[in-house]
Amino acid sequence: MLIISFSRIASDARVLKQVRLLSEKFDVRTCGHGPRPEGVSEHVEIPEECQAWVKDARWLLLRQYKRVYWTNAAVREARARLTGRCFDVVLANDVEAVPLALALRPRGGVHADLHEYAPGMHSELPRWRWFVAPYYRWLCRTYVTRASSTTTVGPMIAARYAQEFGIDAGVVLNATPFVDLAVGEVGRPIRLVHSGNAMVSRGLMSVVQAVEASTADVTLDLYLMPNEPEHLAELKRRVAGSERVRVLDPVPYAQLVERLNEYDVGIHVLPSINENNRWALPNKLFDYVQARLAVLVGPSPEMAAIVRERGLGAVTEGFTAQDLTTVLDGLASDEVMEWKRSSASAARDLSAEAATAPWLTAIQRIAASAETADDVR
């Protein structure tokens, strides 16, 4: 089988879960950027300079969507390297990999894993809503509906795909592999942590402001990827000299959960500036659970539901710095300890091992179709 992802697969947490899960039962090949991931028999590398997100604005404005897609540098390079190859199953990661996967005509079929609600990725931007979102809707209507099966990252996004396109998507949470860790004692001060991308849309400046304004005895460490270097530099300037907040270099994903285990509370108050932020159910929530941390989130429906149902922590009233400060001011060590223990109790249920069964079921069904097709021939 082939897994296609227009990402650096060796460091893409969701795709790596697919590789690890499926390589136990299938001969897995991958196609994407960067080096060969562990566990695959072959990797077809797409040059870094060829990126799927780069669109030809001329064809996009003219709504010549077929030309937008097939003239894209990443698609063109991948197609050239894969044409003529035979596969039983192709797993296409995200919307933009689906047309290519279908064009390869695998014997059994294509499984589409949709990482977000594609038309809503940057819905806060007018130019996105007017010019780019219609293109992604076209991809969904024209190609994703032809996949043999589909999954996505959360129940509400699955419901949106069903409502708008009639796509019956299963759900595979962005859960973290189970790690057997102890629950650490709550520190003095209480140690807050956030890990992720340094992006303006993540609202990290408000988190810093909230911690600095709090009357609670807390500290905050931010482990940030340099996605937006200017914003990362701005955050570093903002916390320079702070006795409470530090901006630290990112930790390799394989080491992240153990590093997070040194803290008490994982924070992710994600402003609801676009549709995907609103329905987000990200890796970091599950990283915090595996690290046996209390969890503090904003009122994002999907994250808030898990935190409340499992008793993992607290949900702020809104997304402002003041909303977060209000919760921080009320933190008590004994309550934080209860939340950390709740994370420990939920760790197996909210692990990748528990979440990824729909992938295996879907791929096995498609593989069986490939065997039937061979028998007919």
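Analyst: Searching the whole structure gives 11 aromatic pairs. Here rings of Phe, Tyr and Trp (for Trp, its six-membered ring) pair if their centres lie within 6.5 Å; planes under 30 degrees apart count as stacked, over 60 as edge-to-face and the rest as tilted. The pair of Tyr69 and Trp70 is edge-to-face because the planes stand at 85°, with the ring centres 4.7 Å apart. Tyr69 is buried, at 1% relative accessible area (buried means under 20%, exposed over 50%, partly exposed in between, with a 1.4 Å probe and protein chains only). Trp130 and Phe131 also form an edge-to-face pair, 6.5 Å centre to centre with 85° between the planes. Trp130 is exposed at 53% relative accessibility, whereas Phe131 is partly exposed at 34%.

This is a predicted model, in which local features need pLDDT of at least 70 and side-chain atom pairs count only at pLDDT 80 or more, while totals for chains, interfaces and linings use all residues. Residues are numbered from 1 along each chain as its sequence is written, and side-chain values use heavy atoms, with hydrogens and water left out.

One aromatic cluster is made up of Tyr65, Trp128, Tyr135, Tyr136, Trp138 and Tyr143. Some rings have a charge over them (NZ of Lys or CZ of Arg within 6 Å of the ring centre and within 35 degrees of the ring normal). Arg67 has its charged end over the ring of Trp59, 4.5 Å from the centre. Likewise, the charged end of Arg348 lies over the ring of Phe178, at 3.8 Å from the ring centre.

Tyr69 and Tyr135 return in the lining of the second largest cavity, together with Ala52, Lys55, Val68, Asn72, Val75 and Glu96. A cavity is a set of points on a 1 Å grid over the protein atoms alone where a 1.4 Å probe fits but cannot get out, and lining residues have an atom within 4 Å of a point. The volume of this second largest cavity is about 40 Å³, meaning the space filled by probe spheres set on the points, which are joined across faces, edges and corners. Its lining has 5 nonpolar, 1 polar and 2 charged residues (Ala, Val, Leu, Ile, Met, Phe, Trp, Tyr, Cys and Pro count as nonpolar, Asp, Glu, Lys and Arg as charged, and the others, Gly among them, as polar).

In total, 2 cavities of 30 Å³ or more are found. The lining of the largest cavity includes Phe319, Val207 and Leu324, and by class it has 6 nonpolar, 3 polar and no charged residues.

Notes. On a 1 Å grid over the protein atoms alone, a cavity is a set of points where a 1.4 Å probe fits but cannot get out, and a pocket is an open set with protein on both sides within 12 Å along at least five of seven lines; lining residues have an atom within 4 Å of a point.
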